[in-house]
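Colleague: I would like to learn how to read salt bridges in a protein model. Could you walk me through them with an example?

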Amino acid sequence: MAILSKEEAKQILEKVMSFSTADSLEAGLSGSGRGNIRYARNTVTTSGFNDDISLGVTANFGKKSASSTINEFDDESLRKVVKRAEELAKLAPENPEFMEPLGPQEYKDSKTYYKSTADISPEYRAEIAKNSIEPARAKDVTAAGYLEDTSGFSSIMNSKGLFAYSQDSQLEFTVTMRTNDGTGSGWVTRDFNDVNQFNGAEASSVALEKALMSREAKAIEPGKYTVILEPAASVQLLGNMLFNMGARQADEGRSFLSKKGGGTKIGEKLVDERVNIYSDPFNEKVPANAWSGDGLPRGRTSWIEDGVVKNMSYGRYWAKKQGVEPVPGPANGIMVGGDATTEDLIKSTKRGILVTRLWYIRTVDPQTLLYTGLTRDGTFYIENGKIKHPIKNMRFNESPIIMLNNLEELGLQQRINGNLIPVMKIRDFTFTSLSDAV
């Protein structure tokens, strides 16, 4: 029952609407089936599958609202969840920023669902683990990984006539390889909507090679270095920028897009002119839901164009207050890249550092987007166009705004966490201290 068809979901939601006496009612019905396999110390530790479906209902009386959820779908249960939400709404305080539910909307289809992923078997998951564990064991390395595949649906309806429905599928894989002498570590992640695009053996081989290469790392002095950031190293910093481009925060002076003395940086050059970042739920490589949680249709939106701030996201309340159209936040992030491979960027680097990924990232200053964190699972010193030796991990203090103003070169894009991010060469990236962690 985890995946209901469009008609099945619509029938349940229409019945929910019919039971309401509220001024307006909103409901969301979603379900998914999730399979997984986990392994550590070169042994499978857990494997399983679960499915679930749930209904959430929000009742509104004037500016008073309350919500209730349930996972039973007979008529009595549906009446019960609606009644509970309505009873609670009558007791709730008024929300001064309440917005009436949207009326009917038009949505384009986004290809987010693949039956190939929905049909993944336990045998397939076991084969992925085998293709990770056996090569690691043969090289005196220990593998620890996790594969999860999901397929499901989402639907929403309200008493004003809005209805939206979508299906999606997703595969996510990560593996860490550690050399048994405790001195080397490698890591990789992959995610796809269509399992046919995934090569588990190839992914594991990348982590294995990084682990072997990173043994017996040497310390170098912290400071400012030219870095080559693989997409896994930059995606979180870029995401922290993209998903903080809300107009309200900027208008209220709480954002990196706020100007001193008032106003915002919309229309101003913020980063290097080669930087172009947009979101597009219909991109074939990183498809996403074509509607936001409140039912606003999503389309392609340019956020940074030729280094200039092109758009900010507007929630419905703030858009009305400012007299503009609402702009849904991004469902994915796509940064335009170049043609260079990681190897090409290494060859063109006289002295620098190759970073596999960053982790444990924390905010230092939200108004400048200054962050701190650590390198991990494969950090290498480059000299005269070649990787010379692995280096110990380091702590960094850096802002994606500064980073994108110090851009040297853009390389090929890679899908990571549902986004498309290029490998990048950045000058003067700031490392502040050493870390002994492998």
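This is a predicted model: local features need pLDDT of at least 70, side-chain atom pairs count only at pLDDT 80 or more; totals for chains, interfaces and linings use all residues.

Colleague: Thanks! Which residue forms a salt bridge with Arg 254?

Modeller: The general idea comes first: side chains of opposite charge can pair when their charged atoms come close. Here, Arg 254 pairs with Glu 252, and their closest N and O atoms are 2.8 Å apart. Glu 252 also meets Arg 248 in a salt bridge, at 3.1 Å from N to O.

Colleague: How accessible are Glu 252 and Arg 248?

Modeller: Glu 252 has 37% relative accessibility, so it counts as partly exposed. Arg 248, at 26%, is partly exposed as well.

Colleague: Which residues are linked in a network of salt bridges?

Modeller: The network links Glu 97, Arg 248, Glu 252 and Arg 254.

Colleague: And what about Asp 377 and Arg 357: how far apart are their closest N and O atoms?

Modeller: Those atoms are 2.7 Å apart, and the two residues form a salt bridge. This pair links distant parts of the chain, with Asp 377 in strand 13 (residues 370-383) and Arg 357 in strand 12 (residues 351-365), 20 residues apart.

Colleague: Are Asp 377 and Arg 357 buried or exposed?

Modeller: Both Asp 377 and Arg 357 are buried.

Colleague: Finally, how many salt bridges does the count come to?

Modeller: The count comes to 20 salt bridges.

Technical notes:
Residues are numbered from 1 along each chain as its sequence is written. Side-chain values use heavy atoms; hydrogens and water are left out. A salt bridge is a side-chain nitrogen of Lys or Arg within 4 Å of a carboxyl oxygen of Asp or Glu. Buried means under 20% relative accessible area, exposed over 50%, partly exposed in between (1.4 Å probe, protein chains only). Helices (H or I, at least four residues) and strands (E, at least two) are DSSP runs, numbered from the N terminus.
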